[in-house]
Amino acid sequence: MDDKWIWIIVAVVVVLLLAALLAALMRKKKKQREAHQRVEAQQLRHQAVTHSTGVSHAEVEAREAEARAELARAEAEKAELRAQHANTGLAHEQARQEDVLREADRLDPDVDHRSSDYTPEPPTTAGPQTPGTPGSTTGTTPGTTSGLPTDGSTGETGAHRRDV
């Protein structure tokens with residue numbers, strides 16, 4: 001029975017030695033891997049430092065582009081304000097013109113400015129007409145008698161006109 005115990009002890013010792021050897025190999029590989037990772041990390045840090053000038057340049061370019069964009073936005077806002085002022089001025093001029101036309105239509109006995117469909121309209125004929133004679137005969141085309149269009153219309157626009 002002694003032989004059996006010796007072989008068991010030998011087997012256990014061999015297994016323990018193999019396990020210790022395997023553990024030592026694993027530790028050695030781990031240390032080698034860590035050393036390799038340290039070198040690789042150091043290289044990456046070095047690359048990052050050398051490329052930081054490129055990042056700084058890109059950062060400067062990005063800031064300059066942002067400043068140009070901000071300037072363009074400010075110019076666009078100024079242009080929008082100028083356009084709004086121009087539109088306001090146009091509206092005022094149109095209102096003044098309409099006021100003058102309304103006053104002229106109020107004074108003109110041939111215009112019914114109290115009609116429900118009255119809208120002030122600029123004159124459609126060129127030049128003033130002779131007072132009291134709608135459709136003056138000055139400058140008439142040969143073959144016409146009154147200077148009015150030959151199609152039977154009065155030459156005036158708008159239903160508010162009362163041509164006599």
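**Figure 1. A look at the contacts across the whole chain.** Among contacts in the protein chain with a separation of 6 or more, 45% are between residues 24 or more positions apart. Keep in mind that this is a predicted model. In terms of secondary structure, you'll find 1 helix and 0 strands in the protein chain. Buried residues are 5% of the 164 residues.

Figure 2. Now look at residues 133–159, where pLDDT stays under 50. For that stretch, the model has 28 contacts beyond four places in sequence.

**Figure 3. A nonpolar patch on the surface.** Which residues make up this patch? They are Trp5, Ile8, Ile9, Val12, Val13, Leu16 and Leu17. Put together, these residues have about 700 Å² of accessible area.

Figure 4. Is Asp105 buried or exposed? Asp105 is buried, because its relative accessible area is 4% and the cut-off for buried is under 20%. Asp105 belongs to helix α1. Its side chain makes a polar contact of 2.9 Å with the side chain of Tyr118.

**Figure 5. Glu66, Glu70 and Arg73, a linked trio.** Side chains of opposite charge can pair when their charged atoms come close. The whole structure has 6 salt bridges, and in this view Glu66, Glu70 and Arg73 are linked in a network of them. Zoom in on Arg73 and Glu66: their salt bridge has its closest N and O atoms 3.1 Å apart. How accessible are these two? Arg73 has a relative accessible area of 40%, so Arg73 is partly exposed. Glu66 has a relative accessible area of 46%, so Glu66 is partly exposed too.

**Figure 6. Glu98 reaching Arg102 along the helix.** Here's a salt bridge between Glu98 and Arg102, with the closest N and O atoms 2.8 Å apart. Where do the two residues lie? Both are in helix α1, 4 residues apart, and that spacing is about one turn of the helix. Glu98 is partly exposed, since its relative accessible area is 33%. Arg102 also counts as partly exposed, with 36% relative accessibility.

**Figure 7. Glu103 and Arg106 meet in a salt bridge.** How many residues apart are Glu103 and Arg106 in helix α1? They are 3 residues apart, which is about one turn of the helix. Their side chains form a salt bridge of 2.6 Å, N to O. As for accessibility, Glu103 comes in at 35%, so Glu103 counts as partly exposed. Arg106 comes in at 46%, so Arg106 is partly exposed as well.

Methods
Residues are numbered from 1 along each chain as its sequence is written. This is a predicted model: local features need pLDDT of at least 70, side-chain atom pairs count only at pLDDT 80 or more; totals for chains, interfaces and linings use all residues. Side-chain values use heavy atoms; hydrogens and water are left out. Patches are made of residues with over 30% relative accessible area and no salt bridge: like charges are joined within 9 Å, nonpolar side chains (Val, Leu, Ile, Met, Phe, Trp, Tyr) within 5 Å. Accessible areas come from the Shrake-Rupley method with a 1.4 Å probe; for residues, only the protein chains shown count as cover. A salt bridge is a side-chain nitrogen of Lys or Arg within 4 Å of a carboxyl oxygen of Asp or Glu. Buried means under 20% relative accessible area, exposed over 50%, partly exposed in between (1.4 Å probe, protein chains only). A polar contact is a pair of N or O atoms within 3.5 Å; within protein, one must be able to donate a hydrogen and the other to accept it, and residues adjacent in sequence count only if both atoms are side-chain atoms. Contact means heavy atoms within 4.5 Å. pLDDT is the predictor's confidence in each residue, from 0 to 100.
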